[in-house]
Amino acid sequence: VSDNGDRLARYAELAVRVGANVQQGQEVFVHGLVEHVDLIRALTRQSYRAGAAFVNVRYDDQHMRRAMIELGPDEALTYSPEWLNTWARAMAGNAQLGTSGNPEPELLSDLDGERVGRAMPLEAAEISRRVHGEHSVNWCGVGAPTEGWARRVLGEPDVERLWELVAFCFRLDEPDPVEAWREHLDRLDARAAALTELRPDALRYRGPGTDFTVGLLPSAHWGSARFRTAGGIDYVANMPTEEIFITPDSRRAEGTLRSSLPLSLSGQMIRDLRLTFEDGRIVQVEAKSGAELVRSHLATIENADRLGELALVTKESRVGQTGKLFYNTLFDENATCHIAYGFGLPYSFDGEPDEGMNVSTIHVDFMVGGPELAVDALLPDGTEVPLIRSEEWQLAA
Amino acid sequence: MDERLERYAELVVRVGANVQPGQEVFLLADVGHHELARALARQAYRAGAAYVHARYTDGHVRRAMIELGPDEALTYAPEWLKTFTAAMSGNAMIATTGDPEPELLADLDGERVGRAVAQEIVQIRVQQLSENSVNWCGVGAPNEGWATQVFGEPDVERLWEKVAFCMRLDEPDPVEAWKKHLARLAERATQLNDLHPDALRYRGPGTDLTVGLLPAARWMAGAGDTSTGIYYVANMPTEEVFTSPDARRTEGTIRSSLPLVLSGQVVRGLELTFEQGRAVRVEAETGADLVRSHFATIENADRLGEVALVTKESRVGQSGTLFHDTLFDENATCHIAYGAGLPFLFDGDPGEGLNVANMHVDFMVGGPELEVDAVLADGIEVPLIRGEEWQLA
């Protein structure tokens with residue numbers, strides 16, 4: 001076994017054992033792009049080694065999606081094949097692993113943004129959201145380095161260099177990565193607990209192009225991506241993960257937000273996104289590129305124009321430390337503070353979610369953090385408590 | 001965009017599966033075939049497909065299951081895959097062949113490899129074949145691994161040229177060329193149907209076999225209509241005329257003449273001995289355990305489902321290439337299949353003589369020395385094939 005083969009196997013093992021935490025006798029649902037074939041094979045092998053009863057593998061292909069959007073009829077765009085709905089339902093009680101890292105991040109950039117935005121199998125997305133909302137899936141999303149992705153990040157197809165960066169974010173360089181992950185998640189959970197205890201009524205964001213206030217829900221708590229299923233399986237939903245996050249009150253968002261990093265989304269690149277909110281809803285969308293795609297989401301998907309997540313990330317982040325822009329949400333959202341429009345996350349609630357939690361079929365994270373962003377907690381009595389300055393955590397813990 | 005690839009895909013979509021406007025199209029491809037699969041998707045949408053489903057399979061995923069998975073995984077048919085397969089009824093399907101790693105499973109236990117069949121999925125496909133409810137086409141997808149198997153080097157371009165020749169893509173009007181070719185094969189099928197043989201007799205090196213035929217089973221060439229009247233060509237290339245034999249009346253020994261790439265193993269020098277329709281002995285230089293596992297674990301896999309005649313005008317034969325791929329090699333020379341018979345060859349109920357099994361494996365038996373005779377009901381023997389040439393007027 002070469003060094004590279006060994007790294008791939010160790011990476012996959014960590015994703016299977018610590019990330020999804022695949023249990024003996026579970027089925028595993030693995031999905032990723034055809035270009036992720038090496039990692040998907042390694043995940044499959046590690047899943048069986050962990051005792052999986054069966055590993056279901058689904059290779060997606062962006063070129064199929066392109067052909068559909070470019071050449072297919074209108075009805076195809078939102079069509080949700082019954083087999084895909086069945087796949088989504090079958091995840092309940094089982095494990096899921098997804099790979100990301102787009103080999104051709106601008107493959108759809110010349111297509112009509114409105115059609116790209118509408119192209120989503122709504123029924124399967126809804127089933128998947130419900131299954132996850134019931135806390136019945138132990139899942140994990142991980143990155144799959146490819147030449148195309150490396151070219152985007154490094155300017156050349158240096159997959160080996162990208163692997164090194166990804167492995168660093170993954171803490172694979174640690175002598176005992178499993179222990180390193182436990183300590184790391186404990187740190188994030190301590191931060192989340194301190195913020196939950198502060199009980200802010202709202203967050204205020206200020207920075208270049210940004211002056212924004214968003215309400216919080218008393219029943220929601222801050223947390224890391226270390227989750228537990230209803231059946232008691234602990235798992236880490238994203239690897240890497242550097243955030244603490246919460247689901248906001250989707251009825252209370254006012255002001256303007258400017259994204260600080262480009263967002264690779266559905267084969268298009270969204271640059272310099274500016275969103276204006278009134279009474280919780282986005283009323284204006286501007287961007288240097290990709291505005292049509294976002295407008296199409298907001299126009300065609302119910303409640304996509306409300307917020308579903310606020311997440312705080314500081315500069316200790318391993319992703320941030322790499323100094324690289326990954327053009328991949330899984331990584332970039334863990335480099336800096338981010339916000340998501342679309343559905344809220346049931347993980348923020350101990351019981352039934354508050355009615356202020358947004359319900360939608362889409363969830364799009366975009367990055368807003370940077371050295372000049374100031375984030376404050378607004379307490380019910382009007383006091384402002386600094387949370388983030390210059391990408392550093394301001395609260396004790 | 002590769003122009004040859006698009007023309008190839010267009011021929012498959014328009015002439016092979018004959019995708020109809022408003023149909024859904026199901027693509028089944030190895031993950032290594034994604035370039036062709038993408039071209040097929042584009043051409044299918046151009047032909048008016050309502051939606052194109054792509055299911056990529058992966059020999060390495062299968063290997064992991066056989067090597068590391070529990071016993072129950074081997075035959076497990078996930079619900080979503082049953083739903084996927086069942087949805088093909090009334091729609092179009094295109095499957096690609098050309099194994100990028102034909103010996104990927106060679107070091108695994110042949111018994112487990114042979115048992116690893118999701119029989120419920122095969123059952124759905126057999127049912128669809130019997131109802132003739134899917135206009136489908138199987139085609140080759142050249143790739144480096146396949147080229148290496150064929151030429152000893154990963155010369156994909158050379159493999160593409162061979163495949164394009166077999167596909168008649170070199171003709172000025174390939175659609176017209178296919179029309180003429182299919183008419184020639186249909187004429188042969190008509191001759192055999194008029195002859196009404198009661199049995200076939202095969203003689204050659206290591207082979208002396210008699211196979212009974214069924215009066216109700218038609219001979220057919222590789223094109224026909226679905227139950228709703230969509231004309232399609234199920235294999236491209238296709239050079240055969242074929243029928244389903246009486247599974248109860250096979251006697252003697254047959255030796256395969258070409259290696260067979262099957263489930264990630266290579267079966268070489270296969271020799272089967274039949275008594276009263278059933279294979280009672282399996283010998284092979286390699287891969288015998290895989291075939292024995294089929295016979296031991298899959299009901300009626302040990303009886304025959306198809307006999308097919310191919311002569312040397314075949315473009316595959318003319319290419320002078322051993323493709324190590326059944327779609328091609330079975331169209332280079334005469335072949336026989338163990339496992340499921342083909343219910344669409346019957347106008348009514350096929351009756352008990354047609355074999356029913358959740359498997360269908362073709363293997364090649366033809367060659368310059370093989371003689372095939374039709375044995376008529378009155379005992380007269382009529383030569384059908386000598387020196388790989390067609391003997392009927």
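By the cavity rule used here, two cavities of 30 Å³ or more are counted, a cavity being a set of points on a 1 Å grid over the protein atoms alone where a 1.4 Å probe fits but cannot get out. This is a predicted model, in which local features need pLDDT of at least 70 and side-chain atom pairs count only at pLDDT 80 or more, whereas totals for chains, interfaces and linings use all residues. Residues are numbered from 1 along each chain as its sequence is written, chains are lettered from A and ligands numbered from 1 in the order in which they are written, and side-chain values use heavy atoms, with hydrogens and water left out.

**Cavity and pocket**

- The second largest cavity holds about 50 Å³ of space, a volume being the space filled by probe spheres set on grid points that are joined across faces, edges and corners.
- Its lining, meaning residues with an atom within 4 Å of a point, is made up of A:V57, A:R58, A:Y59 and A:W83 together with B:A54, B:R55, B:Y56, B:W80 and B:F84.
- Two or more of these lining residues come from each of β2 of chain A and, in chain B, β2 (51-57) and α4 (79-86), where helices (H or I, at least four residues) and strands (E, at least two) are DSSP runs numbered from the N terminus.
- Seven residues of this cavity lining are nonpolar, none is polar and two are charged; Ala, Val, Leu, Ile, Met, Phe, Trp, Tyr, Cys and Pro count as nonpolar, Asp, Glu, Lys and Arg as charged, and the others, Gly among them, as polar.
- The second largest pocket has a volume of about 360 Å³, a pocket being an open set with protein on both sides within 12 Å along at least five of seven lines.
- Of the 17 residues that line this pocket, A:H221, A:R226, A:F227, A:Y347 and A:D350 are the closest to its centre, and α10 (177-198) and β7 (226-228) of chain A each give two or more residues to the lining.
- The pocket lining divides into seven nonpolar, five polar and five charged residues.

**Interface of chains A and B**

- Contact (heavy atoms within 4.5 Å) joins 31 residues of chain A to 33 residues of chain B.
- The two chains bury about 3,000 Å² between them, 69% of it on carbon and sulfur atoms, buried area being the accessible area (1.4 Å probe) that two parts lose on being put together, summed over both.
- Four salt bridges are found across the interface, each a side-chain nitrogen of Lys or Arg within 4 Å of a carboxyl oxygen of Asp or Glu; A:R45 and B:E67 meet in a salt bridge at 3.3 Å, N to O.
- On the side of chain A that touches chain B, at least two residues each are supplied by β1 (27-33), α2 (37-49), β2 (54-60), α3 (62-71) and α5 (82-90), with the largest share, six residues, coming from α2(A).
- That side of chain A comprises 19 nonpolar, five polar and seven charged residues.

**Salt bridges and backbone**

- Over all chains the structure holds 74 salt bridges, including one between A:R182 and A:E179, with the closest N and O atoms 2.8 Å apart; both residues lie in helix α10 of chain A, three residues apart, about one turn of the helix.
- Most residues other than glycine have a negative phi, and most peptide bonds are trans.
- The peptide bond from A:M239 to A:P240 is cis, with omega near 5°, and A:P240 is placed in the loop between β9 (238-239) and β10 (244-246) of chain A.
- The bond from B:M236 to B:P237 is cis, with omega near 5°.
- A:N21, not a glycine, has a positive phi of about 55° and is found in the loop between α1 (3-19) and β1 of chain A.
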